[in-house]
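Please keep the structure in view while reading.

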Amino acid sequence: MKFPIFKTKTKGVTKKFNLADPKERAAYFQSKAGLEIAKLRKYLRRNTFIAYFLGKKNSGKGTYTKMLAEILAPEKISHFSIGDMIREVDEELRNKKRKRELYSFLERNYRGWLPFKRVFSALEKRSTKTLLPSELILALVKREIFRRKKKTLFIDGFPRDLDQVSYSLFFRDLIGYREDLDIFVLIDVPESVIDERIKWRRVCPRCQTSRNFKLLPTSKIDYDRRKKEFYLVCDNPSCPAYLSGRQGVRMIAKEGDELGIAPIKERLKLDEKLIRQAFSLYGIPKIFLRNSLPVKIAKKFVDDYEITPEYNYQWDKEENEVRIIEKPWIIRDDEGVPSYSLLAAPVTVSLIKQMADVLEL
Ligand SMILES: [Zn+2]
């Protein structure tokens, strides 16, 4: 399963963009894919489609879908993730009234091999590791779609199990999108990238903003002289700590994150199988998003600023401040080839261009 390398280096575009800055990022998208963006926006005024985003856990599905929706037409697109949907169901279960509503919806809409009462009690008692029966997921997804009127759908996390791949083939008809196109968007990210994303993840204990110590720091890094360690300071302007005037909430690692991908190996294996199965499907157009590319040939395909850098820190005693050292981040892909990992924006450019292509615009 080899994903093609997409060229985002564009003739005539020589300006360097700071992709961390929302304004510059918008200008970047315009100069690299302006034509396709205009075509897609026009298309979305009258048409809808369904896109299934399939990638391993932590492969950036949510990031790409949100970025694309923002660029195209947030009001025309509904993005939802099966993970979020299930978390919402968990909340409904904790509230008496909402739980009754959920029960009666599912009682009317669930169809499957297991008796409904048993399925519902499995839902109540489930642990985060157990997968819910596909028939139940389908009923929940249907509810989600009817809540959103008729919009273009970006679905992230469905199909989630092997039997759901065949459901997804007829899903468009099931939910009344018969005339619309459905597209599979497959994402390929080396496991080493996922591993480091988890290992270096830091979260604000007050507002839950998530960043990465090594790959996506905040604008403020501080140094704890006693413990001799650097740490990120939350810079989310709507963080309660920030708003109350107290500066400097230290972002922390979540328990277990230091283990990286070790605890989710099984999930990643299943995700890989899902991608492989979708990869070999006939009759449904596919888009391939590739996160990494070999260091050796990178210069031909992408610009320097499109590559994910890694950050290191040094304490400058004389200036009494943290010095930030930035350099290209080199990882090994799943075949062991020294590679760069792309930032989300260039991957989204390839998504926009392939989408315009698939829709024949
Ligand atoms: Zn915060």
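## The E2–E3 pair and its sheet

In this predicted model, strand E3 (residues 152–156) pairs with E2 in the parallel sense, and the pairing extends over 5 bridges. Within this pair, Ile 77 stands opposite Thr 152 in E3.

The two strands belong to an open sheet of 5 strands, which are arranged in the order E2-E3-E1-E4-E9 with parallel pairing. Strand E2 (77–81) and strand E9 (286–290) stand at the edges of the sheet, and because each has a single partner strand, one side of each is left without a neighbour in the sheet. On average, and with direction ignored, neighbouring strands of this sheet are turned by 20° against each other.

## A helix across the sheet

Helix H12 (residues 344–358) lies across strand E4 (181–188) and E9, and its direction is at about 165° to that of E9.

## The surroundings of Leu 44

Leu 44 is placed in helix H1 (residues 22–46). When neighbours within four places in sequence are left aside, the residues in contact with Leu 44 are Leu 72, Ala 73, Lys 76 and Thr 152; Thr 152 is also the residue in E3 that Ile 77 stands opposite. Lys 76 is 32 residues from Leu 44 along the chain, yet the C-alpha atoms of the two are separated by 6.9 Å.

## The packing of H6 and H7

Helix H6 (residues 134–147) packs against helix H7 (residues 162–174) at an angle of about 40°, and the axes of the two are 10 Å apart. That angle makes H6 oblique to H7, and the crossing of the two helices is right-handed.

On the H6 side the contact is formed by Ser 134, Ile 137 and Leu 138, which meet Asp 163, Gln 164 and Tyr 167 in H7. Sorted by class, the contact of H6 with H7 has 3 nonpolar, 2 polar and 1 charged residues.

## The E7–E8 hairpin

Strand E7 (residues 220–224) and strand E8 (residues 229–233) run antiparallel and are joined by 5 bridges, with Ile 221 standing opposite Leu 232 in E8. The hairpin of E7 and E8 has 4 residues between the strands, and in this hairpin Lys 228 takes a positive phi near 55°.

Notes. Residues are numbered from 1 along each chain as its sequence is written. This is a predicted model: local features need pLDDT of at least 70, side-chain atom pairs count only at pLDDT 80 or more; totals for chains, interfaces and linings use all residues. Two residues are in contact if their C-beta atoms, placed from the backbone, lie within 7 Å. Axes are lines fitted to C-alpha atoms, for helices over the stretch in contact, and angles run from 0 to 180 degrees between N-to-C directions. Angles under 35 degrees count as roughly parallel, over 145 as roughly antiparallel, 65 to 115 as roughly perpendicular and the rest as oblique. A crossing is left-handed if the near helix is turned anticlockwise from the far one by less than a right angle, and right-handed if clockwise. Ala, Val, Leu, Ile, Met, Phe, Trp, Tyr, Cys and Pro count as nonpolar, Asp, Glu, Lys and Arg as charged, and the others, Gly among them, as polar. Two strands pair if DSSP finds at least two bridges between them.
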